Amino acid sequence: MLSKVQKIIIKDTEEYVFQLLKDDASGHDWWHIDRVRKLAKNIAENELEDINLFVCEMAALLHDVADGKLNNTEAEGEKKVRNWLSQYRLTKKESQQIMEIILHLSYKGGTNKVVLSSIEGRIVQDADRLDAMGAIGIARTMAYSGSKNRLIHDPAKKARDHLTIEEYRSGEDTAIMHFYEKLLRLKNEMNTTVGEQLAEKRHSYMEDYLKEFYAEWDGER
Ligand code: ADP
Ligand code: NI
């Protein structure tokens with residue numbers, strides 16, 4: 001249960017993040033944050049461990065604020081979040097946990113392999129990854145690709161599951177390639193049981209989508 005003060009801090013933070021991200025079209029818009037926050041709550045409520053729901057929700061709300069893509073430097077992003085948190089009287093442990101989660105998620109995206117030390121962090125990470133999967137994940141991938149002027153699909157480019165870092169940086173990949181680079185791998189990277197169950201469903205939806213996509217691509221009626 002959240003205390004009255006915690007609820008006020010969350011409301012306040014919600015407004016702050018909304019104002020910061022409402023016009024972002026790089027995949028970190030406010031609605032991504034809102035979905036991640038809801039998913040994190042859903043996972044937290046269904047996990048058996050004792051979870052600090054305040055830390056979970058605050059980290060989910062702030063998880064993209066320090067992102068390198070949204071700040072001139074990573075240090076600047078970090079400072080933004082630290083300043084925001086410092087106006088409240090949080091316990092040292094709580095602010096440390098929130099910061100750890102945010103920095104971990106913001107700087108390394110979905111590519112890191114280090115497991116977060118807190119259950120709250122593992123939950124927010126699952127929620128963030130789940131939002132890159134399923135119907136929403138497909139929409140975000142297409143939107144991201146379009147924003148970079150990339151193709152939806154290029155049959156000459158074999159969809160491989162491993163790109164070299166140079167290929168990745170060259171931005172030559174298509175939206176469909178992103179499924180193999182990232183989206184289809186996420187199912188095996190879930191931290192929590194509830195996350196795993198949700199990922200299963202979203203994963204098979206993406207597999208069905210790809211099957212249908214290739215069939216239509218080849219002219220099937
Ligand atoms: P987040 O930080 O929320 O995990 P990212 O910044 O990694 O998200 O990416 C934002 C969205 O854009 C995600 O849905 C992700 O799958 C998608 N995306 C990231 N890189 C690519 C890419 N190279 N091609 C297509 N979609 C991408
Ligand atoms: Ni995110």
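**Reading the helices, core and loops of a predicted model**

Trainee: Which residues of helix 1 meet which residues in helix 3?

Mentor: Gln6, Ile10, Thr13, Glu14 and Val17 in helix 1 meet Phe54, Glu57, Met58, Leu61 and Leu62 in helix 3, where two residues are in contact if their C-beta atoms, placed from the backbone, lie within 7 Å. By class, the residues of this contact comprise 6 nonpolar, 2 polar and 2 charged; Ala, Val, Leu, Ile, Met, Phe, Trp, Tyr, Cys and Pro count as nonpolar, Asp, Glu, Lys and Arg as charged, and the others, Gly among them, as polar. This is a predicted model, in which local features need pLDDT of at least 70 and side-chain atom pairs count only at pLDDT 80 or more, while totals for chains, interfaces and linings use all residues. Residues are numbered from 1 along each chain as its sequence is written, and chains are lettered from A and ligands numbered from 1 in the order in which they are written.

Trainee: At what angle do the axes of helix 1 and helix 3 cross?

Mentor: Two packed helices are described by the angle between their axes and the distance between the axes. Here the axes of helix 1 (residues 4-21) and helix 3 (residues 53-62) come within 10 Å and cross at roughly 10 degrees, the axes being lines fitted to C-alpha atoms over the stretch in contact, with angles from 0 to 180 degrees between N-to-C directions.

Trainee: How many helices and strands does the chain have?

Mentor: The chain has 10 helices and 0 strands, taken as DSSP runs numbered from the N terminus (helices: H or I, at least four residues; strands: E, at least two). Of its 221 residues, 33% count as buried, and a residue is buried if 20 or more other C-beta atoms lie within 10 Å of its own, exposed if 12 or fewer, and partly exposed in between.

Trainee: Which residues have the most contacts inside the largest nonpolar core?

Mentor: A nonpolar core is a set of buried Ala, Val, Leu, Ile, Met, Phe, Trp, Tyr and Cys residues joined through C-beta atoms within 7 Å. The largest one has 42 residues, and those with the most contacts inside it are Ala40, Ala59, Leu62, Val124 and Ala127. Its largest share, 8 residues, comes from helix 3. Domain 1 (1-112) and domain 2 (132-221) both give residues to this core, so it lies between them; the domain bounds come from an automatic or database domain assignment. Beyond residues up to four places away in sequence, Ala127 touches Val36, Leu39, Ala40, Ile43 and Ala60.

Trainee: How many residues of domain 1 are in contact with domain 2?

Mentor: In domain 1, 8 residues are in contact with 11 residues of domain 2, and that side of domain 1 has 2 nonpolar, 4 polar and 2 charged residues.

Trainee: Where does Lys182 lie?

Mentor: Lys182 is found in the loop between helix 9 and helix 10, where its 19 C-beta neighbours inside 10 Å make Lys182 count as partly exposed. Lys182 and Ala132, 50 residues apart in sequence, are 8.9 Å apart in space from C-alpha to C-alpha.
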